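Let's take a friendly walk through a protein structure, from its inside to the place where its chains meet. Have a look at the picture first, then read on.

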Amino acid sequence: MIQLTAITRIFHMGEQEIRALDHIDLIIASGEYVSIMGPSGSGKSTLLNVIGLLDKPDSGRYQLDDRDVTDLTETEQARVRREKIGFVFQAFHLVPRLTAAENIELPLILAGIPPAERKIRVEETLHAFDLSKRAQHRPAELSGGQRQRVAIARATILRPTALLADEPTGNLDHRTGSEVVALLENLHHAGTTLIVVTHDRELGLRAHRRIGMRDGFIVADEQ
Amino acid sequence: MKLQDTFLFSFKTVTSYPTRSFLIILAMALGVAAVVVLTALGDGARRFVIHRFSSIGTNLIMVLPGRAETAGSFPGATMGQTPRDLTLEDARWLGHLPQVRRYAPLNVGTAELAAAGRLREITILGSTANLLPIRHMQLAQGSFLAHGSQYSAQIVLGAKLAEEFFPDGNVIGQHVRLADRRFMVSGILSRQGETMGFNSDEIVIIPINHAQALLDTTSLFRIMVEVRNRSDIPSAKQAIRELMIQRHDGEEDVTIITQDAVLATFDRIFRALTLGVAGIAAISLAVAGILIMNVMLVAVSQRTDEIGLLKAIGAPGSDIRRLFLTEAAWLSLTGAIFGFMLGHVGSLLIRLAYPELPAWPPAWASLASIVIALSTGIIAGLLPAARAARLDPVKALSGR
Ligand SMILES: Nc1ncnc2c1ncn2[C@@H]1O[C@H](COP(=O)(O)OP(=O)(O)O)[C@@H](O)[C@H]1O
Ligand SMILES: [Mg+2]
């Protein structure tokens with residue numbers, strides 16, 4: 001369960017103060033499928049980064065699975081990220097010099113899993129995401145949809161409880177985008193909490209719970 | 001992240017940027033090779049000189065007339081009066097000291113050598129039979145000055161002179177003239193080349209009394225003393241000094257040089273020199289270190305996206321730091337190993353080109369250069385690694 005209480009995140013641009021998140025209160029239960037929509041600059045990405053422990057709020061509390069994770073050290077936060085969170089980005093963020101298989105293997109290496117087990121799990125995942133034929137290809141040799149599939153495979157190989165996707169279809173055409181969404185929804189059906197930030201109304205409406213944001217506030221929250 | 005995986009991952013990174021890695025490794029390798037080769041040269045020169053100097057004899061003490069340095073307490077105490085001669089009589093007394101195995105008095109001068117219709121100015125050495133064993137000289141033919149032959153007119157020729165004057169090779173028993181005296185050739189020295197200032201291939205050796213008469217002097221050039229044991233050297237030196245002071249009316253007017261002291265001085269000079277060139281060569285290691293730092297800093301900014309991503313999927317800053325440090329370590333270690341091999345090949349080539357120069361790289365220098373290379377690389381990696389570890393993942397991923 002994700003529980004945010006009065007979360008505020010302020011950026012400074014010279015003299016100017018930008019409240020990217022302004023006293024956000026939000027509870028997301030395990031296994032929910034949530035979309036976050038709103039105009040550009042409304043704080044969607046910042047909210048996702050705070051939930052994913054990639055960014056620290058300036059004030060407020062964050063409780064993840066009944067544990068207060070607001071003041072964890074950098075190393076502890078990294079650990080929580082590794083074990084509970086999976087990120088999917090608009091720009092894929094694959095490591096260009098590594099093959100698809102190696103990109104998918106990264107979280108396993110970071111988690112200190114022995115090579116033999118890594119090999120098996122990578123192969124399983126490649127198979128599950130229909131990427132076996134592309135295992136030895138580098139990102140530059142993959143299509144956008146394939147790249148995002150690799151990124152999702154990487155984000156989920158450690159079976160995180162929450163999958164955070166920031167505009168996952170933003171760089172894809174409509175058809176590939178739909179395939180990627182279907183993939184994410186499959187993972188949600190398997191029990192993962194799914195939070196998707198999107199510009200795409202149609203995509204946003206597919207979620208069971210839709211959150212609207214504007215100027216760092218939550219302005220809508222419909223089931 | 002396991003240490004083993006860290007090393008593997010950063011190794012893969014190193015191989016993913018071949019040109020960049022090759023250039024850094026080359027710079028590091030050249031630095032290490034420079035240290036290895038230059039220390040090999042320095043140490044080779046040291047061994048060469050020490051060997052040459054030890055080959056003139058062992059456990060030697062040389063007694064020279066006159067004081068080399070002014071006496072500390074009474075500067076100029078002996079000034080104005082010429083030092084007393086060092087005489088054959090002094091040498092004979094010296095020979096009675098218990099520590100002394102043998103001694104050879106020495107006179108040096110020049111005279112005209114005439115034989116078989118040829119004439120040439122040459123260096124003559126006056127001495128006794130003991131000179132041969134003391135100076136480790138070798139004969140090519142015939143015999144050296146006989147014991148007790150101070151007055152007999154024997155002469156030993158340097159190898160080159162023998163060839164020059166008697167090209168037909170029939171030398172032993174022939175007569176030659178030195179100034180206006182007749183000598184009979186008793187032996188020929190084997191070729192030795194230059195040793196400590198003399199080219200012993202172009203000298204002649206005659207009995208000491210003949211030499212003194214010929215050169216019209218009673219003062220010796222020096223007395224060479226060989227002591228029984230190495231451990232006797234200090235006490236022998238002391239005994240010689242006391243004996244000479246006593247024989248010279250309480251005046252300390254001889255200089256006593258031990259071969260050990262000269263060797264030690266040479267040794268020290270050459271070691272300092274070697275260290276000096278090693279230090280200069282080590283500067284190139286520092287330059288390679290700066291290169292590594294620069295390239296790693298560039299790598300951090302080139303790989304911000306990757307660093308941000310690694311953090312997003314759960315890498316703590318410490319993992320990132322270790323990845324960059326091990327990358328620097330790989331680069332410098334590979335450079336050091338190649339440099340080590342390059343340096344040893346270089347030293348081998350020098351030894352092949354100059355067989356008389358024992359240019360072996362000293363173990364300490366090889367070890368030190370590798371340790372310095374590795375630590376320079378890691379130190380150079382510290383700043384970039386810290387910068388990478390501190391990178392804000394949100395900014396890194398958004399390209400802000
Ligand atoms: N690192 C940052 N430095 C300064 N301003 C930032 C930073 N990150 C986000 N912002 C600002 O915070 C606001 C919210 O940004 P963001 O969460 O990225 O919006 P969205 O994802 O909804 O487009 C924007 O005004 C953005 O300019
Ligand atoms: Mg955004």
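What follows covers the core, the contact between the chains and some salt bridges.

This is a predicted model, in which local features need pLDDT of at least 70, side-chain atom pairs count only at pLDDT 80 or more, and totals for chains, interfaces and linings use all residues. Residues are numbered from 1 along each chain as its sequence is written, chains are lettered from A and ligands numbered from 1 in the order in which they are written, and side-chain values use heavy atoms, with hydrogens and water left out.

**The inside**

Let's start with the nonpolar core, a set of buried Ala, Val, Leu, Ile, Met, Phe, Trp, Tyr and Cys residues joined through side-chain atoms within 4.5 Å. Here, buried means under 20% relative accessible area, exposed means over 50%, and partly exposed lies in between (1.4 Å probe, protein chains only). The largest nonpolar core has 72 residues, and among those with the most contacts inside it are Leu4(A), Tyr62(A) and Phe324(B). Its largest share, eight residues, comes from helix H8 (residues 259-302) of chain B; helices (H or I, at least four residues) and strands (E, at least two) are DSSP runs, numbered from the N terminus.

Contact means heavy atoms within 4.5 Å. Leaving out residues up to four places away in sequence, Leu4(A) touches several residues, including Ile24(A), Leu47(A) and Tyr62(A). A second, separate core has 33 residues, among them Leu94(A) and Val180(A).

**Where the chains meet**

How much area do chain A and chain B bury between them? The answer is about 2,200 Å², 59% of it on carbon and sulfur atoms; buried area is the accessible area (1.4 Å probe) that two parts lose on being put together, summed over both. Of the area that chain A buries against chain B, His93(A), Arg97(A) and Leu110(A) supply 32%, more than any other three residues. The contact takes 25 residues from chain A and 24 residues from chain B.

Helix H2 of chain A has buried residues too, including Gln77(A), Val80(A) and Arg81(A). Their cover includes strand S4 (59-64) of chain A and helix H9 (304-312) of chain B.

**Salt bridges**

Side chains of opposite charge can pair when their charged atoms come close. A salt bridge is a side-chain nitrogen of Lys or Arg within 4 Å of a carboxyl oxygen of Asp or Glu. The whole structure has 38 salt bridges over all chains, and four are found across the interface of chain A and chain B. Here are some examples.

| Residue | Partner | Closest N and O atoms |
|---|---|---|
| Arg97(A) | Glu306(B) | 2.4 Å |
| Arg102(B) | Glu226(B) | 3.2 Å |
| Arg191(B) | Asp201(B) | 3.7 Å |

Arg97(A) lies in the loop between S6 and H3 of chain A and Glu306(B) in helix H9 of chain B, so this pair joins two chains. Arg97(A) is buried, with a relative accessible area of 10%, and Glu306(B) is buried as well, at 8%.

Is Arg102(B) buried or partly exposed? Arg102(B) is partly exposed at 25% relative accessible area, whereas Glu226(B) is buried at 6%.
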